[in-house]
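Colleague: I would like to learn how to read the features of a protein model. Could you take me through some of them, one at a time?

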Amino acid sequence: MATKEGFLTDEQREVLKIATQNAETLSSSPKSPRTLLSEHQLKVPAAGKAPTAGIAVRHVRRSHSGKFIRVKKDGGGGKGTWGKLLDTDGGSHLDRNDPNYDSGEEPYQLVGSTVSDPLDEYKKAVVSIIEEYFSTGDVDVAASDLRELGSSKYHPYFIKRLVSMAMDHHDKEKEMASVLLSALYADVISPTQIRDGFVLLLESADDLAVDILDAVDILALFLARAVVDDILPPAFLTRAKKTLPESSKGFQVIQTAEKSYLSAPHHAELLERKWGGSTHITVEEVKKKIDGLLKEYVESGYAVEACRCIRELGVSFFHHEVVKRALVLAMENRVAEPLIMKLLKEASEEGLVSSSQMMKGFSRLAESLDDLALDIPSAKALFQSLVPKAISEGWLDVSFGNPDGIDGEIQVEDEKLRRYKEEVVTIIHEYFLSDDIPELIRSLEDLGAPQFNPVFLKKLITLAMDRKNREKEMASVLLSALHIEIFSTDDIVNGFVMLLESAEDTALDILDASNELALFLARAVIDDVLAPLNLEEIGSRLPPDCSGSETVRMARSLVAARHAGERLLRCWGGGTGWAVEDAKDKIQKLLEEYESGGVVSEACQCIRDLGMPFFNHEVVKKALVMAMEKKNDSMLNLLQECFSEGLITINQMTKGFSRIKDGLDDLALDIPNAREKFSIYVDHAQKKGWLLPSFSAELSPAMGAAST
């Protein structure tokens, strides 16, 4: 064994003995001596194979087999060793079978526990609701499950999950998702939550596009369909676009929805059929089916069968149309009134027609009572008798019978106003055919009811919105003329307030009502019919969260945009398509040409060719300024000729003089004697009868001093 394992000299044996004794002496020390034997490298002469040759003694230990092995630094145990010399790891020496074993000496372990997130729980729950709905197609069950789930503050995430799951399915599920959103709107999910849900979808469009190849197009379809189904206002697209980066997929989604779907002819019908449709019929066909089932019910009297037919239509979001048409039928056929009231009561008690849909149906009928009275003279009285019955039987909310809760237009009006509305509808239709503004103004003056001017404005714009761009442009031009001739600014403001108060009802019949009303408002500002401050006044008279307030905000944005004048003058195609600055340049050139030796008749013809009679006050203003600058009073001859021919009206002439008066302080910086010259022109105009009598009362003290 000695020849194989090597041997130690006497000196080395002595050193090893001393080292062992020292180690035993220090065994109770809290720290082992790190330099023990570090200076005594015991080299064993090789005799055969000596595996430990050249290894320090402190790193050498004899195993149970008697072999020398190298162990870990500081005496840590390797295979076949007893561990460190001063091993303080108590955990490895605990023996649970030891009578002195104490469980308190066991090492502590931290055990993690899962904290549940309410939003995560909600997301998991709605996935099962959506999957079940896609399997059964039962809208009522899905609505009930979502209502029972609670956590309504998380509903925007339901919308996001519903649409994102449908995007990854077939057209059938996409159509089902759109139908469900319409059914949940207002009854289960608030309009604000609908908007927030689509915002979440737009913000996550980039992520959706990674998994779904045509995500942009599909999401654009969902967005456009939501607008068509009246669960998103068209203004939502404009607002959402401002919050998204132009390079994002969400921005592309909105652009696609606007340009490819909502701007296409017959887009509502196309979008309803894009995924096959839930009923495969258009809105008009649904209305025909409603008429048919109501007439069949009146003949048979089977309310249960009628309710079944209403349910099979699958258009719960359109039940207000059922209510409206049922009430009209009750008015037309007095014998059928008890049956109709019974049907509506049962439909309400069964939950087939929700209270909001019932209210909406009554409101829409109240709004159309004027037109209905042409066919049913006693329509107003009949409606007045039906409302208390419905409230007393408990299927119409009592707030509908409260005048404070009903729009001013819904209240029964006096006979004079009713006749006025009938007359102005005929006048407006004639104007759309003839484009004769003076004739329309004469007709309004003959009616002799200036207190109803706001009603005329509402009727004018409402009728124009349901027609082509030509009539919309004609309505805007007419407003400018009326403001100058017979309408005050208060009349215009009150008319727009009435329009905006009924904007939600108008949107039921006119898809893009909110956008078009915003354009009419903004155009009125550009045409100087309204001042920008008037928009603030109109907005302050509307509830802050209604669609009318949103329309006013949109109008302010349109007016504040770059090149707003040019764009808004062309919003309906325009009369000439010119921008305001273009028109001003043309007026300046024709006046300069006349001043340099032109003929009065030619100048008048050029003014007439401009085709902007509502802008003739600019001709008056520029003619007076040129007369002051060049000291050429021949401009007064041109104004006299224009006034004599009726080319420039007294209102346009007064407005032109008023604009000069308002800017005299600035004008005097370039023309020192501007006040004196203007006073002379005012005296001349008053003698010729160009100005309204009220103009002289408006002259400032400074003006009076200048004239004396």
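Colleague: What are the angle and the distance between the axes of helix H32 and helix H33?

Modeller: Two packed helices are described by the angle between their axes and the distance between the axes. In this predicted model, helix H32 (residues 616-630) and helix H33 (residues 634-644) pack at about 160°, and their axes are 8 Å apart. Axes here are lines fitted to C-alpha atoms, for helices over the stretch in contact, and angles run from 0 to 180 degrees between N-to-C directions. Angles under 35 degrees count as roughly parallel, over 145 as roughly antiparallel, 65 to 115 as roughly perpendicular and the rest as oblique. H32 and H33 are therefore roughly antiparallel to each other. Helices (H or I, at least four residues) and strands (E, at least two) are DSSP runs, numbered from the N terminus.

Colleague: Which residues make the contact between H32 and H33?

Modeller: Contact means heavy atoms within 4.5 Å. From H32 come Val620, Ala623, Leu624, Met626 and Ala627, and from H33 come Met635, Leu636 and Leu639.

Colleague: Before we go on, what are the ground rules for numbering and confidence?

Modeller: Residues are numbered from 1 along each chain as its sequence is written, and side-chain values use heavy atoms, with hydrogens and water left out. As the model is predicted, local features need pLDDT of at least 70 and side-chain atom pairs count only at pLDDT 80 or more, while totals for chains, interfaces and linings use all residues.

Colleague: Thanks! Now, which residues of helix H27 are buried?

Modeller: Buried means under 20% relative accessible area, exposed over 50%, and partly exposed in between (1.4 Å probe, protein chains only). In H27 (residues 532-540), the buried residues are Asn534, Leu535, Ile538 and Gly539. Looking down the axis of H27, these buried residues fall within an arc of 140°, so they line one face of the helix. The arc is that of the directions from the helix axis to the C-beta atoms. Here is the general idea: an α-helix has 3.6 residues a turn, so residues three or four places apart point the same way.

Colleague: What do the buried residues of H27 pack against, and which residues are exposed on the other side?

Modeller: The buried residues pack against helix H24 (489-501), helix H26 (513-526) and helix H28 (547-560). On the other side of H27, Leu533 and Ser540 are exposed.

Colleague: Let's turn to rings. How many aromatic pairs does a search of the whole structure find?

Modeller: A pair of aromatic rings is described by the distance of the centres and the angle of the planes. Rings of Phe, Tyr and Trp (its six-membered ring) pair if their centres lie within 6.5 Å; planes under 30 degrees apart count as stacked, over 60 as edge-to-face and the rest as tilted. The search finds ten aromatic pairs. In one of them, Tyr154 and Tyr157 have ring centres 6.5 Å apart and planes at 65°, so this pair is edge-to-face. Tyr154 is buried at 15% relative accessibility, whereas Tyr157 is partly exposed at 29%. Together with Tyr122, Tyr154 and Tyr157 form one aromatic cluster.

Colleague: What kind of pair do Phe362 and Phe383 form?

Modeller: That pair is tilted, with 6.2 Å from centre to centre and 45° between the planes. Phe362 lies in helix H17 (residues 355-367) and Phe383 in helix H19 (residues 379-392), so the pair ties together parts that are 21 residues apart in sequence. Phe362 is buried, with a relative accessible area of 0%, and Phe383 is buried too, at 4%.

Colleague: And phi: which residues here have a positive value without being glycine?

Modeller: Most residues other than glycine have a negative phi, and most peptide bonds are trans. Among those with a positive phi are Asp435, at about 60°, and Asp528, near 65°. Asp435 is found in the loop between helix H20 (415-434) and helix H21 (437-447) and is partly exposed at 45% relative accessibility. Asp528 sits in the loop between H26 and H27 and is partly exposed as well, at 36%.

Colleague: Where does Ile428 lie, and is it buried or exposed?

Modeller: Ile428 lies in helix H20 and is buried, at 0% relative accessibility. Leaving aside neighbours within four places in sequence, Ile428 is in contact with Phe456, Lys459, Leu460 and Leu463.
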